[in-house]
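Morning, everyone. Please take a look at the model on the screen, and I'll walk you through it.

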Amino acid sequence: MTTDVLAQERIHTNRGQALCLAFFISHFKIGHWMKPMHSLLRQTAELAFEKTQIQNNVHNRVLDEIEEGIKLRDEKTARLKAQRLAQARTMPPSKTRKTKPKSSIKAH
């Protein structure tokens with residue numbers, strides 16, 4: 001083969017390699033590069049969602065505990081009020097005015 005033919009084959013080979021390289025890069029960017037990025041974005045979104053869910057669950061748990069405490073307090077208040085009213089009905093009315101006991105010592 002002559003030098004001209006070898007030079008032309010190299011040019012074709014270089015062009016072919018360049019085309020393959022361009023195709024590989026474009027395929028790599030679209031296919032393989034975007035998938036990990038998509039997965040990374042999806043993982044980030046899922047982690048953010050899980051964090052939000054955990055915060056919501058903790059918030060709901062705290063609210064449930066507060067509501068339970070309020071419910072227990074209201075039940076105790078109602079029970080004590082009912083006991084006080086029942087006791088007031090069963091006991092005779094007491095005198096509202098107390099008198100001082102008179103002293104047994106007589107003055108001379």
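This is a predicted model: local features need pLDDT of at least 70, side-chain atom pairs count only at pLDDT 80 or more; totals for chains, interfaces and linings use all residues.

Start with the fold. The protein chain has one helix and zero strands. That helix, α1, covers residues 3-90. The chain counts 108 residues, and buried ones make up 1% of them. Now the surface. The accessible area of the chain comes to about 11100 Å². Carbon and sulfur atoms account for 62% of that.

Next, the patches. Which residues form the nonpolar patch on the surface? They are Ile54, Val58, Val62, Leu63, Ile66 and Ile70. Ile66 sits in helix α1. Its relative accessible area is 47%. Patch members need over 30%, so Ile66, at 47%, clears that cut-off. Ile66 is classed as partly exposed.

Is Glu65 buried or exposed? Exposed, at 56% relative accessibility. The cut-off for exposed is over 50%, so Glu65 falls in that class.

On to charge pairing. Side chains of opposite charge can pair when their charged atoms come close. How many salt bridges does the structure hold? Two.

One joins the side chains of Arg42 and Glu46, at 3.0 Å from N to O. Why can these two meet? Arg42 and Glu46 are four residues apart in helix α1, so about one helical turn separates them. Glu46 is partly exposed, with 37% relative accessibility.

The other salt bridge links the side chains of Arg73 and Asp74. Here the N to O distance is 3.5 Å. Asp74 is partly exposed as well, at 41% relative accessibility.

To recap. We have one helix and zero strands.

Methods
Residues are numbered from 1 along each chain as its sequence is written. Side-chain values use heavy atoms; hydrogens and water are left out. Patches are made of residues with over 30% relative accessible area and no salt bridge: like charges are joined within 9 Å, nonpolar side chains (Val, Leu, Ile, Met, Phe, Trp, Tyr) within 5 Å. Accessible areas come from the Shrake-Rupley method with a 1.4 Å probe; for residues, only the protein chains shown count as cover. A salt bridge is a side-chain nitrogen of Lys or Arg within 4 Å of a carboxyl oxygen of Asp or Glu. Helices (H or I, at least four residues) and strands (E, at least two) are DSSP runs, numbered from the N terminus. Buried means under 20% relative accessible area, exposed over 50%, partly exposed in between (1.4 Å probe, protein chains only).
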